[in-house]
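Thanks for coming, everyone. I'd like to walk you through one chain today, so let me put it up on the screen.

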Amino acid sequence: IRLKQHLISVIFQNLEEKKPLYRDRADFVSQTLKQAYQQLNIRLAPTIQEQLFKDIIDDILGFGPLQPLLDDPTINEVMVNSAKSVYIEQKGKLIKTGVQFESDDAVLRLIEKIIVPLGRRINADTPTVDARLPDGSRVNAIIPPVAVDGPSITIRKFDKGRLTIEELISIGSITQNMADLVQACVISRLNIIISGGTGSGKTTLLNVLSGYI
């Protein structure tokens, strides 16, 4: 942890001094990290070094320990219930991961990293906030006194691919007769209420219905 913190401090110091253009930040961070590591004259095992570098780059340019989960296309939702308890929704199942934050302060720093660029704030007077990640994923964050186990984050990931009605029929989410019925309802301009729990497919169905207009 101390090695990681030292390398991060060196990178931030260089970022502040040299202020690279945003499009060059990834290359700058990578090169600065390698130089700082070499100057320490420490030799870790290649796999450990690779993981350390990835963790640091994710902390600086991404969303810290959650970045691998956000990069995984099979994960629909990420839930940070506390610093030591992170769950995901994957293929309709809730799964506890081995991902952990160093402390509650680390979770709070991540929340602030998400909301500050959006001009939002979170504090004891406003302990809840809704926001979006750059890719459109929905974020809800809460902190004490509302969150009893420490700062919490829920990220509903943005679906980069839209399912068509044909795909929904092929995977058994809807029958052909029901597809014909909802299409007829849209064409007839009937009122339609779409409801359901988180991850049940409300937005997917709405996109399909919108295509009938």
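Let's begin at Arg189, which is found in the loop between α7 and α8; helices here are DSSP runs of H or I with at least four residues, strands are runs of E with at least two, and both are numbered from the N terminus. Before I go on, a word on the source: this is a predicted model, where local features need pLDDT of at least 70, side-chain atom pairs count only at pLDDT 80 or more, and totals for chains, interfaces and linings use all residues. Residues are numbered from 1 along each chain as its sequence is written, and side-chain values use heavy atoms, with hydrogens and water left out.

Back to our arginine. Phi of Arg189 is near 60°, a positive value in a residue other than glycine. Most residues other than glycine have a negative phi, and most peptide bonds are trans. Arg189 is also exposed, with a relative accessible area of 77%; exposed means over 50%, buried means under 20%, and partly exposed is in between, using a 1.4 Å probe and protein chains only.

Arg189 follows α7, so let's step back into that helix. Which residues of α7 are buried? They are Ala179, Val182, Cys185 and Val186. These cover an arc of only 125° around the axis, which puts them on the same side of α7; the arc is that of the directions from the helix axis to the C-beta atoms. Asn177 and Ile187 are exposed on the other side. The cover over the buried residues includes α6 (165-170) and α8 (202-211).

Now compare α2, residues 25-39. This helix has 15 residues and reaches 21 Å from its first C-alpha to its last, close to the 21 Å expected. Its buried residues are Phe28, Val29, Thr32, Leu33, Ala36 and Tyr37. Down the axis of α2 they fall within an arc of 155°, so they line one face of the helix. An α-helix has 3.6 residues a turn, so residues three or four places apart point the same way. The face turned away from that buried side carries the exposed residues Asp27 and Gln38. After α2 comes Asn41, with a positive phi near 55°.

Leu7 is buried, at a relative accessible area of 0%. Leu7 and Ile56 are 49 residues apart in sequence and 8.0 Å apart in space, C-alpha to C-alpha.

On to the largest nonpolar core, which has 27 residues; such a core is a set of buried Ala, Val, Leu, Ile, Met, Phe, Trp, Tyr and Cys residues joined through side-chain atoms within 4.5 Å. Leu66, Val78 and Phe101 have the most contacts inside this core. Helix α5 gives the most to this core, with six residues. Apart from it lies another core, of eleven residues, with Leu7, Ile8, Ile11 and Leu33 among them.

One last stop: the peptide bond from Pro144 to Pro145 is cis, with omega near 10°, and Pro145 sits in the loop between β5 and β6.

Technical notes: Contact = heavy atoms within 4.5 Å. Expected span 1.5 Å × (residues − 1).
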